[in-house]
Amino acid sequence: MEPTTRIGNRLLAALPAADFDLLAPHLRKVAPERDAVLVRSGDRVDQIYFPLSGTIAFIMDMPNGQTVATAVIGNEGAVGILSALRPSRSPMTAVVRVAGTSLQISPARFQSALNRSGAIRDVVQIYTRALLAQFQHVAACNALHSVEARLARWLLHIHDRIDDDFLPLTQEALSELLGVRRTTVTHVVHKLRKSRAIRSNRRGLIEIDRQPLEAAACECYEVMRRRIDSIVSPEGMKPRIHAPPAQKILRASDPLLAGADVTQRDTRTHGPTSPRPRGH
């Protein structure tokens, strides 16, 4: 990803100064450790997180105890942002995979600002589009492609969001990302090591070699990267002259969110946007 913006989170950086100032007094910088659970599936969201660095994975918990990742985010995203629209329980677990810092705000404070700002509502819409795009691609990839290709894809997505070729990922974390047993992870890691795409050691670090890792990944990696980048790029985040009511925004993004009760109070225009992620 490209160097972080002045604010650090690209969604917040896309806001005009006046709109960001509605949130700024209530934002608190936190540094969750690796493997920290920000919210568990079925729990109410009591904090919204805007990552400045590091990587967070959204994990789906199945009734039989298995888990599988549905998305990873970095400083282009947020955790729990839709809870500001209506109090609800999280459908997924959000886990810190690579430690970093985040800006934290309560859903009530965020909702208060959202109700006063068309620009903040647009940011929610843009992020919702990007997240849904990732969910859709991951679902298709899980159904069509090998575990080896999927692991290569996840490693590339994580690498895109940090500035290091050493990824702090244990076999347990990889098992959780892929939704497979650790014995399968061991086999797949061995294959990627044989192709020189990765090198791992006993400290839970995986060193990657970008070029052979890209060769091992399925086409989903590049398709997902380009599509999500196009949504959260400066071009994709250009403002509209008049922001529609929040209810219409949500319905246009996802029919499942059509019941959210949010009222538009302001349709101010937007300002400058932030840079797109680091490409490879």
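Glu214 counts as partly exposed, at 32% relative accessibility, in this predicted model. Its side chain meets that of Arg210 in a salt bridge with an N to O distance of 2.9 Å, and Arg210, at 14% relative accessibility, counts as buried. Both residues belong to helix α8 (residues 210–216), where they stand four residues apart, about one turn of the helix.

**Other salt bridges**
- The structure holds 10 salt bridges, and one of them joins Glu207 to Arg199, with the closest N and O atoms 3.2 Å apart.
- Glu207 is partly exposed at 23% relative accessibility, and Arg199 is partly exposed at 40%.
- In helix α9 (residues 220–232), Glu222 and Arg225 lie three residues apart, about one turn of the helix, and their side chains form a salt bridge of 2.6 Å, N to O.
- Arg225 is buried, with a relative accessible area of 14%, whereas Glu222 is partly exposed at 25% relative accessibility.
- A network of salt bridges links Glu222, Arg225, Arg226 and Asp229.

**Packing of α4 and α5**
- Helix α4 (residues 118–144) packs against helix α5 (residues 147–160) at an angle of about 155°, with the axes 10 Å apart, so α4 is roughly antiparallel to α5.
- Gln134, Val138, Cys141 and Asn142 of α4 make the contact with Arg150, Arg153 and Trp154 of α5, a set comprising three nonpolar, two polar and two charged residues.

**Nonpolar cores**
- The largest nonpolar core has 40 residues, of which Leu12, Leu23, Phe50, Phe58, Val79 and Phe110 touch the most other members, and its largest share, six residues, comes from α4.
- A second, separate core of 37 residues includes Val138, Ile162, Leu177 and Leu178.

Definitions and conventions: Residues are numbered from 1 along each chain as its sequence is written. This is a predicted model: local features need pLDDT of at least 70, side-chain atom pairs count only at pLDDT 80 or more; totals for chains, interfaces and linings use all residues. Side-chain values use heavy atoms; hydrogens and water are left out. Axes are lines fitted to C-alpha atoms, for helices over the stretch in contact, and angles run from 0 to 180 degrees between N-to-C directions. Helices (H or I, at least four residues) and strands (E, at least two) are DSSP runs, numbered from the N terminus. Angles under 35 degrees count as roughly parallel, over 145 as roughly antiparallel, 65 to 115 as roughly perpendicular and the rest as oblique. Contact means heavy atoms within 4.5 Å. Ala, Val, Leu, Ile, Met, Phe, Trp, Tyr, Cys and Pro count as nonpolar, Asp, Glu, Lys and Arg as charged, and the others, Gly among them, as polar. A nonpolar core is a set of buried Ala, Val, Leu, Ile, Met, Phe, Trp, Tyr and Cys residues joined through side-chain atoms within 4.5 Å. Buried means under 20% relative accessible area, exposed over 50%, partly exposed in between (1.4 Å probe, protein chains only). A salt bridge is a side-chain nitrogen of Lys or Arg within 4 Å of a carboxyl oxygen of Asp or Glu.
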